[in-house]
Amino acid sequence: MYSASDLRKGLKVEVDGVPYIITEFNFMKPGKGQAVYNCRLKNMITGATLSKTYRSNDKIDAPQIGQKTLKYSYQEADHYVFMDDNYEQILISAEVLGESRFFLVEDISVDVLFHNDSPVEAVLPNFVDKKIIYTEPGARGNTSTNVQKPATLEGGYEIQVPLFVNQGDIIRIDTRTGKYADRASRK
Amino acid sequence: MRISDDISVLRIRSKALQCVRRFFSDRGFIEVETPVRIPVPALELHIDAEESGDWYLRTSPELHMKRLMAEGCDRIFQIGACFRRGERGRLHSPEHTMLEWYRRDADYMDMLVDTKALMAFVFSEVIGSTMLEYAGRKIEIMPVWECFTVEDAYLRFAGWNPVAQFDPDRFDVDLAEKIEPQLFLDMPVVLKDYPVEAAALARCKPGNRAVAERWELYIGGLELANAFSELIDPGEQRKRFEICAEKRRNMGKDAYSMDAEFLSALEKGMPPCGGVALGIDRLIMLLSGAIEIDKVRAFCI
């Protein structure tokens, strides 16, 4: 259970049995009145958002969140199939994975948070390696890392890479930012 | 403790403080300093004090300044740090700088005249004009100020009358969500005549026990200043403190003991006076165009 003064951006709360994450948070305290906390909440399962106002005496439920480490297997339509230690299959939707679905690589370990038995958030390793399947050749001799060009990753995600990166190279991606970090190996 | 990203605002801040001091000394006010660390904080329902050993840091200099008025001061002002526990947001810092001034034989509307003159002076001196651009909108500080009674504002923007029947929760939430967003006009806005339940340390209107002589000033949507015709009746003041302490206890908060020295000063007799508290940080926000309070202080707390 949280009190209103615990609320902040990024906190996970439970409203009517549904887990939400606070995406925006405003502390308001007009004219000697009580504090009013205006929050934007994102449903951790469906991604839908709603606004909610809490007053200083309100109590807010904390969601019971469990964690498991799963291995990624393969994609099946809109869902992504993971395996736990007992080789049980667990499906996670594209909404829950968000952008990180583009950085999944077979057999990587992913920390998945569960609310009751529903997966609500997946945290990938900070860095993953993926192959570039398409990019225009860079201008010869230009090795500057400041100039970038678009490249398409295996699985279809478009990312900005330095000019010296070629089609067929494997690059390292920072999954927290979704940005190019390094070249892992050349074609 | 992080230093501010852009310390150029300190130049504006310094100039504004000099202007405020000049304004008051030109009008015969004396600058005073009252204790920052005090045995008991002023009893307010929704203001919590930071503890400092067995004592507290002041949440406002109000009670000590009024004791000076009771002692015979005519016109006093103070600029200094105040501390409020748990107040952190775009417009709130747990340590902030407050300007307070008190004038003998004045009521809240006299204090509004002072405030208007102060704003005209500070804006002209610091930014060279009383035309202001803030949060993408133009505001004319002079000459006209819009004025709503609390009753009118709630009837118009929230659809009910808190003076006829007070509902504290609804009052606070509607103020934040329905009233304040309507108070960002192209001129300063005054909200006045609060329900007695929200009067704090203001006296009631003569002949109307339901309404207290209190106003709040908004400029650019920022709540900038609060004023009272000060309550000087010791019996009434003691009763309000008792009610407030009782409510705080029921809310599970520290009920703070009453400031006995303040009450005995009222009992010895205090002349009628008006007082204003004005947030210096928010004034600097308006003068510098900053939309977060952290941008106008040298260090972020």
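Q: How are α2(B) and α7(B) oriented to each other?
A: In this predicted model, helix α2 (residues 62-70) of chain B packs with helix α7 (residues 260-268) of chain B at an angle of about 25 degrees. Angles under 35 degrees count as roughly parallel, and α2(B) and α7(B) are therefore roughly parallel to each other.

Q: How far apart are the axes of those two helices?
A: The axes of α2(B) and α7(B) are 10 Å apart.

Q: Left-handed or right-handed crossing?
A: The crossing of α2(B) past α7(B) is left-handed.

Q: Which residues meet there?
A: From α2(B), the residues are B:Leu63, B:Lys66, B:Arg67 and B:Ala70. They meet B:Glu261, B:Phe262, B:Ala265, B:Leu266 and B:Lys268 of α7(B).

Q: Moving on to α5 of chain B, which residues are buried?
A: In helix α5 (residues 168-179) of chain B, the buried residues are B:Phe171, B:Asp172, B:Val173, B:Asp174, B:Leu175, B:Ala176 and B:Ile179.

Q: How many residues does each chain give to the contact?
A: Chain A gives 15 residues and chain B gives 22 residues. On the side of chain A that touches chain B, β3 and β5 of chain A are the elements that give two or more residues. The largest share of that side, three residues, comes from β3(A).

Q: What is the make-up of the side of chain A that touches chain B?
A: That side of chain A divides into seven polar, five nonpolar and three charged residues.

Q: New topic: in what order do the strands of the open sheet in chain B run?
A: The order is β3-β5-β4 (chain B), three strands with antiparallel pairing. β3 (37-38) and β4 (51-52) of chain B stand at the edges with a single partner strand each, so one side of each has no neighbour in the sheet.

Q: How many bridges join β3(B) to β5 of chain B?
A: Two bridges join β3(B) to strand β5 (residues 55-57) of chain B. One pairing is B:Arg37 with B:Leu57 in β5(B).

Q: Last one: why does B:Gln18 count as partly exposed?
A: B:Gln18 lies in helix α1 (residues 9-26) of chain B. B:Gln18 counts as partly exposed because 13 C-beta neighbours lie inside 10 Å.

Note on methods
Residues numbered from 1 in each chain as written. Chains lettered and ligands numbered in written order. Predicted model: local features only at pLDDT ≥ 70, side-chain atom pairs only at ≥ 80, totals over all residues. Axes fitted to C-alpha atoms, helices over the stretch in contact; angles between N-to-C directions. Helix = DSSP H or I, 4+ residues; strand = E, 2+ residues; numbered from the N terminus. Parallel < 35°, antiparallel > 145°, perpendicular 65-115°, else oblique. Left-handed = near helix turned anticlockwise from the far one by under 90°. Contact = placed C-beta atoms within 7 Å. Buried ≥ 20, exposed ≤ 12 C-beta atoms within 10 Å, placed from the backbone. Nonpolar A, V, L, I, M, F, W, Y, C, P; charged D, E, K, R; others polar. Pairing = 2+ DSSP bridges.
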